[in-house]
Number of protein chains: 2
Amino acid sequence: METKILLNESEMPREWYNVLPDLPGGPTPVLHPGTLEPIKPQDLAPLFAMGLIEQEVSSERWIKIPEEVLDIYTMWRPSPLVRAHRLEKALGTPAKIYYKWEGVSPAGSHKPNTAIAQAYYNKKEGIKRLATETGAGQWGSALCLAGKLIGLEVMVYMVKVSYDQKPYRRMMMEAWGGKVVPSPSNLTEPGKGILAQDPNSLGSLGIAISEAVFDAATRDDTHYSLGSVLNHVLLHQTIIGLEAKKQMAKVGDYPDVVIGCCGGGSNFGGIVLPFIYDKINGKAVRGVAVEPTACPSLTKGAYAFDYGDTAKIAPVAMMYTLGCEFVPAGIHAGGLRYHGDSPIISQLVNQKLVEAVAYRQKEVFEAAILFAQTEGHLIAPESAHAVKAVIDEAKKAKEEGKQRVILFNLSGHGHFDLGAYDLYLHGQLEDYEHPEAAIREALKKLPKVKM
Amino acid sequence: METKILLNESEMPREWYNVLPDLPGGPTPVLHPGTLEPIKPQDLAPLFAMGLIEQEVSSERWIKIPEEVLDIYTMWRPSPLVRAHRLEKALGTPAKIYYKWEGVSPAGSHKPNTAIAQAYYNKKEGIKRLATETGAGQWGSALCLAGKLIGLEVMVYMVKVSYDQKPYRRMMMEAWGGKVVPSPSNLTEPGKGILAQDPNSLGSLGIAISEAVFDAATRDDTHYSLGSVLNHVLLHQTIIGLEAKKQMAKVGDYPDVVIGCCGGGSNFGGIVLPFIYDKINGKAVRGVAVEPTACPSLTKGAYAFDYGDTAKIAPVAMMYTLGCEFVPAGIHAGGLRYHGDSPIISQLVNQKLVEAVAYRQKEVFEAAILFAQTEGHLIAPESAHAVKAVIDEAKKAKEEGKQRVILFNLSGHGHFDLGAYDLYLHGQLEDYEHPEAAIREALKKLPKVKM
C-alpha cells in the first residue's frame, strides 16, 4: 500500500470550482464601507483586476485555469496526497487518515495557488506592480514569488513588530525581488498619520492593509492583492480539493470528513469546497473548520455584516465576526488571527453545511509534536489546528470501532515557527481563550445594516 | 512536456549500488589512527553496527535495502526529478537541466537517506542510543528524525557557536525527541579537557566528533553515527542517483554531465556513483564535484593518507586533504568545510573518473538568487555550489551551440540559511580563497605512512 498518492501533471485539474452558483440561497451581498449599499464592480476596479472582480461574483460553476498559471503550478503541483500510516498506528485508530501536503511549494504553503493567479490577471491587464500587507510573512512571500515568476513588482507592507522579530520571511521576500517596508511607513498617508501620533508604533495588520490599499488606490500602475477571505481567493485554492478528490479516487477512497484550519478561510475553502459540491448533491461528507479559542469567529462570533478591516475602509461583508476592532491574543498561529471569516465559509457554517470547532494553543502544539514524531514534518501552527481536530476524529472512530476516512489540508511547513515549538517543549507556551463577555462587548459595535 | 518526472513508490530502487567492487584497482585501505596499520572490522565494532561495518568493505555490487528502511523512505521518496525549464530560459541555453530535489524530506536534505539506514542497522543489533556531532545541524536533525522513527535515543554534540547562533536546527532536533548539548560539554572527558583549558571555548567540529566518539566508546548501549565521508554513507545515498537514472529514462534522456556539491562526498556520491558504474562500463558521462575555494580539498589538496578528524582519533584514510589541522574560513556552506573528502570520491578524482571545480562564495550566492528567481526554491548554500557549476556548464553549451543534458543534485533547502542570503543581497558577503602557501604549509604535517 503506497504512502503517497501522486498525480501526473497531465492529471492536474484544468478548471477551478466556483461554489457561488451552488450556495443555497445564493451568495450574500458585499457592501460599500462608506454607504453600506451593495458594492459595484467599478467600486473595486481601482484595487483589483477586472478578471478577478468577475470571478468574485461569477455564476459559472467551472472556471478555466489559464495555461500560464497551470504552467507555474507544475513547479510543485499536483501536490502529494499522503496516507498518514504512522500517525494512524500511533493513535491505534481504525480510521484512515490522508493529508494533502501543500508545504512543497517554494513559499512553503498553499498561498502561491492564488498569488500566481492574482499576479497573472493583473499582469494581463497591464498592471506593473502589486501592493499587499503581510503579518508574519506567509502571504507576502507567496506574492513576491508570484510577482517574480509572472513579471510584476511587489510592494509589501509588513507589520513592524513582525518585520523586526521575524526577519527570515522578510529575507525570503527580498530574495524573490520583493520590496518590503515595515508598517507603519512614511510612504503612505495612513502610515504617516500613525507615525505622527506614535513614532514607535509596532503596527498592526489593520494599519498595513490601509497602507497597501492606499498605495494601490493612488498609483495607476498598481493594484492591491489579498491572500484570503475573498471569493476569488477561495476559488483559486479549490485546486487543492479537486486534486485530492482525484487522488482519493485512485485508491478507491472518499472522505467521511474533510478538515482544515480556518482563519480567512482560504486553505479550508480550498480543500472543502469541491466536497461541498458533492454534499449539496446528496453525498454524505462532513466539513470541519478548525480555529483557535483565542480568535473564535465561527464558534463564538455573530453572523452579521461587518467591515473587513479595522480601519473600516475595506468592504462590508456578511460573515461570522468578532467585530472589526477585535484584537486576539498573540498566538503563534498568526494566520488564524482574523476577526472575521470568508463570507463563503461563514454562509456554509450558518447553513450547517460545514461544522466549526475551536482548540487551545497547547493542545494544538501537542498535536503538532505527535505529527512531527510520526509523520516527520514540522508543520505550521495554523495547520496544527487541523491536525488536532484530525486526532480527535480518529480517536472517536477508535472509540466507536468504526472505519472512517479522514482527509485534511496540511497547509504549510513550520520552518519559521520553530521558536513556538521550542516554547511548547520547554513548558513556556500559554493558552488563550477569549472571554465571552469581551466578545459580547465587541459585537455591540457591529455596523447597523438595513437589508 | 512535464516539469516534474515522478516515480511511484513501486518503482523505487530496492537495492543500493556499492561502487567498491567496480573501483579500478580496488578500494584503498583504511588505517588505525594509533598504529597506522590497516584497520580491522573488530577495531570499529565499539563504534558501528556490524551491518554497517560489513557494508563499509563489501564486495557485493548490489545491496538489498531493508523493507523497514524502504517503508520509511516512502514518506518522501522517490524524490522528484525536476526539469529546470525556467532556469534554462533565463540562461538562453540549448542545454536541458534536470535536478533531483532532495529538499522534500522532513529534515530538508538528503541526509535522512543514510540516517534512517544507520538507525535501522543499529536498532537491529540491539543498540538503544546513537551519539553524533553536528555543526550547523543538518546532519544532527536527520539523525534525530531517524532515531524517532526507528526507535532509538539520539544524543547530539552541537558545536557551541552554532548552538548559540543557529537555534532553529537545535529546536528541530528537540522536536524530534533528540537530546542536544553544546560542545564542548562537561559530559565527556574530551569536553571537560577543553573546558578546563578554556571555559569559553566556542567548540569545533573536531571537538564535537571527539565527544561523540568518546560517548559511544564508553557506553555499551550506544554507537557512533557519521553523516558523510564513509563508504556505507555513500552507499545509502546512491538511492538518489538510481532514482534519477530511472526518471531520466522515463523521458528518454541520459546526462552528459552529473554535478553535485562536495564536502564529505555523500550527496555528490549519492547522485554520481550509479552513473560512474556506466562510465566504467564505457558510457560517456562526466561527473563534476563542486567545492568552495575556501576549502579546496579536491582542487588544491594532496592525495594522501590523513586523519579523519582534527584530534587524530578517527581512522586514517587515503583521500584528498588539506591536512587534518586545516581550518577553513567561516563560509556559510558549513557542510563543505571538511578538511578531507570521501576516500571513494577522492579515488575517482585521482583516477580522472570525476572532475572537480571550486567556486567563491559570492558567485555561488549569485547563482542561488538566479535559481530562486527562476525555479522558486531557496536552496542551501552547499547546494548552490552545484547550481553555479550547472550555470557554467549551461553557458558553455550555449557558446558551443550544443544540446547537452545536465543533471544535478539539489541536496537541500536553505530555509535556515536566509541570513546568508540577506548578507549577499545587502553586499555584505565576503569571498574567501585559501592562500596556496598556507595550504602547502598544512600539507607538510600529513602523517608519514609506509605502505
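This is a predicted model: local features need pLDDT of at least 70, side-chain atom pairs count only at pLDDT 80 or more; totals for chains, interfaces and linings use all residues.
**Spaces inside the protein**

Let's start with the gaps. Rolling a probe the size of a water molecule over the atoms shows where empty space is left. Here the count comes to five cavities of 30 Å³ or more.

| Space | Volume | Lining residues by class |
|---|---|---|
| Largest cavity | about 300 Å³ | 19 nonpolar, three polar, two charged |
| Second largest cavity | about 200 Å³ | eight nonpolar, 10 polar, no charged |
| Second largest pocket | about 290 Å³ | five nonpolar, four polar, six charged |

About 300 Å³ of space lies in the largest cavity. Its lining takes in 24 residues, and those closest to the centre are A:Pro80, A:Val104, B:Leu6, B:Pro80 and B:Val104. Strand 6 (96–101) of chain A and strand 6 (96–101) of chain B each put at least two residues into the lining of this largest cavity.

Next comes the second largest cavity, with about 200 Å³ of space. It is lined by 18 residues, and A:Gly103, A:His413, B:Gly103, B:His413 and B:His415 sit closest to its centre. You won't find any charged residues in the lining of the second largest cavity, but 10 polar ones are there.

**A pocket with helices around it**

Now for an open space: the second largest pocket holds about 290 Å³. Of its 15 lining residues, A:His85, A:Arg86, A:Lys89, A:Thr374 and B:Leu149 come closest to the centre. Three helices each supply at least two residues of this lining: helix 4 (85–91) and helix 15 (361–375) of chain A, plus helix 6 (138–150) of chain B. Which helix gives the most to the lining of the second largest pocket? That's helix 4 of chain A, with four residues.

**One helix up close**

Helix 16 of chain B covers residues 381–400. At 1.5 Å a residue, its 20 residues should span 28 Å, and the end C-alpha atoms are 29 Å apart, so the two values agree. Is helix 16 of chain B mostly covered or mostly uncovered? It's mostly covered, with 14 of its 20 residues buried.

**Strands and their partners**

Strands of a sheet pair through backbone hydrogen bonds, either parallel or antiparallel. You can see both kinds here.

For the antiparallel kind, look at the open sheet of three strands in chain B, with the order 3-14-13. Strand 3 (30–31) and strand 13 (302–307) of chain B stand at the edges with a single partner strand each, so one side of each has no neighbour in the sheet. Strand 13 and strand 14 (residues 316–321) of chain B are joined by six bridges, and B:Phe305 stands opposite B:Met318 in strand 14.

Six bridges join strand 6 of chain A to strand 16 of chain A, with A:Tyr99 opposite A:Phe408. Strand 11 (residues 257–261) of chain A also pairs with strand 16 in the parallel sense, over three bridges, and A:Val257 has A:Ile406 as its bridge partner.

Strand 16 of chain A is well hidden too: six of its six residues are buried. A:Val405, A:Leu407 and A:Asn409 point one way, while A:Ile406, A:Phe408 and A:Leu410 point the other.

Notes:
Residues are numbered from 1 along each chain as its sequence is written. Chains are lettered from A and ligands numbered from 1 in the order in which they are written. Side-chain values use heavy atoms; hydrogens and water are left out. On a 1 Å grid over the protein atoms alone, a cavity is a set of points where a 1.4 Å probe fits but cannot get out, and a pocket is an open set with protein on both sides within 12 Å along at least five of seven lines; lining residues have an atom within 4 Å of a point. Grid points are joined across faces, edges and corners, and a volume is the space filled by probe spheres set on the points. Ala, Val, Leu, Ile, Met, Phe, Trp, Tyr, Cys and Pro count as nonpolar, Asp, Glu, Lys and Arg as charged, and the others, Gly among them, as polar. The expected span of a helix is 1.5 Å times one less than its number of residues. Buried means under 20% relative accessible area, exposed over 50%, partly exposed in between (1.4 Å probe, protein chains only). Two strands pair if DSSP finds at least two bridges between them.
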